[in-house]
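Open your viewer and get ready to select residues by number. We will go stop by stop.

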Amino acid sequence: MTNKRIAIIGAGVSGLVSIKCCLEEGLEPVCFERTDDIGGLWRFQENPEEGRASIYKSVIINTSKEMMCFSDYPIPAHFPNFMHNSQVLEYFRMYAKEFDLLKYFRFKTTVCSVKKQPDFPTSGQWEVVTESEGKKEVTVFDGVMVCTGHHTNAYLPLESFPGIEKFKGQYFHSRDYKNPESFTGKRVIVIGIGNSGGDLAVEISHTAKQVFLSTRRGSWITNRVGDNGYPFDVLFFSRFKHFLRKIVGESLLNIYLESKMNQRFNHELYGLKPKHRALSQHPTINDDLPNRIISGLVKVKGNVKEFTETAAIFEDGSREDNIDAVIFATGYTFAFPFLEDSVKVVKNKVSLYKKVFPTNLEKPTLAIIGLVQPLGATMPISELQGRWVTQVFKGLKTLPSHSEMIRDITTAQEKIDKRYLESQRHTIQTDFIDYTAELADLMGVRPNLLSLAFTDPKLALQLLLGPYTPIQYRLQGPGKWDGARKAILTIDERIRKPMMTRQVESSGSMTSTLTVAWVMLAVVFFAIIITYF
C-alpha cells in the first residue's frame, strides 16, 4: 500500500513543522510556496510581496526562545532569549537542515484551488491545482494542510476615518512600513496600539519631530523583561502558576495583573488605561513605550474623528496640525479563497473543531494549521496541531461525531465572547496552556506528573514549577524524544547563557529551605490536584 500524499500550503513555521509531522507518520508531504524561500512572516524583505506576510527590519519576537522552540529541537543556548527576526529565520533554516525538510518544498508555486474529488465521501481526496512559471498542474492528494497564517491581508478601515481621502500627506498600513529613516523631522500619527502600533511609535520617535499614538480603547502594556531579569513568559507560563490562576479566578487575577503593570508605570497617568480589564484583550508587549512617552517623543491621543488636508481632529475635540504621515496599525484579516466553500470566514470568524478541522466534510482530510492568536508562542501550537492532524490523516486518531464537534466549537466560542472585547483581533484567541494540554491529551503525549513524582521527582518538580516548555510533549507517547528530559532540566542554563557575557562575582545560590521530603510531598500533592480536579 502506497503512503498517503499530503499537500501543505505555505512555507512559514506551520508549513515547515507540518512537513516534519507528515514524515514522522510515514506520510508523503509536498509543500507549495508562492515565493522562493521558507520563513513566511519571519523572512524580512525590503519590498512587501503580495500574498505574504511582511515585517519591518527591526522586529524582535515577543516570545522567548524556550517557550517558542520546536519540541525536539531546542534553540541554541547562545541565541538571545528574545530573538531578532533574522535569528528566528536562522533557527528555522537550522531546523529544516537538521531534519532534511527542504527537498519537500515546491517554491514559486501558487495554489489556485483545492476541490473535492467526485468520490470524496469515500476517498477523502482533493484535487489541487497549482501554477508555476505560467504552467498549471493538477494533482490529487489524500489530505491538505493549510498553513497560510493570519497576517497576510492588511485590514485598512479607511471608511472609519472621514476626510482621509483629502489628506495631502502620506498614509499606509503598517504592513508596508520597513524603517524610520523616511520620517526624519516629520510629525507622524500611528493609529492602533497593538504590538505593531507600539513598536512603530517607539521606533519612529527616534527620527521624527513628533509621534502621536492614537488609540480607541487604550491598552495594558507589559514588557519582555520579567522579575529578576528573566523573560516574562518563562515566569508567567508554569503549571503551578496556571493552577493558582484557576483557583483565584479571573476577577482577582485582573486586579493582580493590573497592579503589576501599574507598578512599572501608571497607565492612567500615561493616557493608556483602557476601560476593559487586563484579561479582556490581547496585551501589548513593549519595553520602550513608557520611556518615549515620559520623554515627550510619543504623545498618546484618542481616536481620530476626521482628517483635513493637513490635520487630524480627535474625538475629544483636540487637533494636531501639520501632520506629514499616518500609519494604520489596524491589524489583518484572513481568508482561504482557494478552498472555495470548504472553509467559510466571516469577519475573521471561522468554525473549526479544536481550531483545526472543518466540521462540514464527510472525511477529515482538510486541516488548518496555525490559525490561532495565543498569549504565548504560536510555534509549539502549530507543531502540536500538525502532530495530531497527521495522526488523524493516517487513521490512528478519529474525530467525534458532528454534533459533538459543534458543541465543542460553541463552548469555545462562548468562552472567547465572555472574556474578550468584541473585535476582529480576538476571534482566534487561544489560551496557550489549556489549548496545548488539550491537544497533547488527544495524542497521548501529556506527561503524567503524578507518576513522575514517584519515578522522577526532579523532572516532576521542574514540570510543576518551571516554564511550561513545549519539550515536555516529547517525554512520552508518539514522537518521544530521548533528549527531552535533559533539555527540560537545562532550560535555566540556556536562558542565562546569552546574558552572562561578563564574569561577575556570584552573590551565592538561592537554595530552597525545604527538605527533599517536603518537596516530594508538594509535588505529589499538586500533581494529584492538577490530575483529578
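**Stop 1: Arg 224**

Select Arg 224 and show what surrounds this residue. Leaving out residues up to four places away in sequence, Arg 224 touches Ile 60, Ile 61, Asn 62, Phe 82, Tyr 230, Pro 231, Phe 232, Ile 285 and Asp 287. Keep in mind that this is a predicted model. Arg 224 sits in the loop between β12 (221-222) and α6 (232-236). Is Arg 224 buried or exposed? Its relative accessibility is 12%, so Arg 224 counts as buried; the cut-off for buried is under 20%. Now show the side chain of Asp 287. A polar contact of 3.2 Å links it to the side chain of Arg 224.

**Stop 2: Glu 258**

Next, select residues 250-264. This is helix α8, and Glu 258 lies in it. With 11% relative accessibility, Glu 258 counts as buried. Which residues does Glu 258 contact, aside from its neighbours within four places in sequence? They are Trp 220, Arg 277 and Ala 278. Look at Arg 277 again: its side chain and that of Glu 258 are joined by a polar contact of 2.8 Å.

**Stop 3: helix α5**

Select residues 195-204, which form helix α5. Nine of its 10 residues are buried, so α5 is largely enclosed by the rest of the structure. Colour the buried ones: Asn 195, Gly 197, Gly 198, Asp 199, Leu 200, Ala 201, Val 202, Glu 203 and Ile 204. What covers them? The cover includes the strands β10 (187-191), β11 (210-214), β13 (284-285), β14 (298-301) and β18 (325-328), along with helix α9 (289-294).

**Stop 4: α1 beside α3**

Now show helix α1 (residues 13-24) and helix α3 (residues 85-98). Their axes come within 11 Å and cross at roughly 15°. Angles under 35 degrees count as roughly parallel, and α1 and α3 are therefore roughly parallel to each other. The crossing is left-handed. On the α1 side, the contact uses Val 13, Leu 16, Val 17 and Lys 20; on the α3 side, Phe 92, Tyr 95 and Ala 96. By class, six of these residues are nonpolar, none is polar and one is charged.

**Stop 5: α1 against α10**

The axes of α1 and α10 come within 8 Å and cross at roughly 35°. This crossing is right-handed. From α1, pick Val 13, Ser 14, Val 17, Cys 21, Cys 22 and Glu 24. From α10, pick Met 379, Ser 382, Glu 383, Gly 386, Arg 387 and Thr 390. This contact has five nonpolar, four polar and three charged residues.

**Stop 6: α10 and α12**

Pro 380, Ile 381, Leu 384, Gln 385, Arg 387, Trp 388 and Gln 391 make the contact from α10. Phe 432, Tyr 435, Thr 436, Leu 439, Leu 442 and Met 443 make it from α12. The classes here are nine nonpolar, three polar and one charged.

**Last stop: Asp 441**

Stay on α12 and select Asp 441, which lies in this helix. At 45% relative accessibility, Asp 441 counts as partly exposed. Finish with a distance. The C-alpha atoms of Asp 441 and Leu 279 are 26 Å apart, and 162 residues separate the two along the chain.

Definitions and conventions: Residues are numbered from 1 along each chain as its sequence is written. This is a predicted model: local features need pLDDT of at least 70, side-chain atom pairs count only at pLDDT 80 or more; totals for chains, interfaces and linings use all residues. Side-chain values use heavy atoms; hydrogens and water are left out. Contact means heavy atoms within 4.5 Å. Helices (H or I, at least four residues) and strands (E, at least two) are DSSP runs, numbered from the N terminus. Ala, Val, Leu, Ile, Met, Phe, Trp, Tyr, Cys and Pro count as nonpolar, Asp, Glu, Lys and Arg as charged, and the others, Gly among them, as polar. Buried means under 20% relative accessible area, exposed over 50%, partly exposed in between (1.4 Å probe, protein chains only). A polar contact is a pair of N or O atoms within 3.5 Å; within protein, one must be able to donate a hydrogen and the other to accept it, and residues adjacent in sequence count only if both atoms are side-chain atoms. Axes are lines fitted to C-alpha atoms, for helices over the stretch in contact, and angles run from 0 to 180 degrees between N-to-C directions. A crossing is left-handed if the near helix is turned anticlockwise from the far one by less than a right angle, and right-handed if clockwise. Angles under 35 degrees count as roughly parallel, over 145 as roughly antiparallel, 65 to 115 as roughly perpendicular and the rest as oblique.
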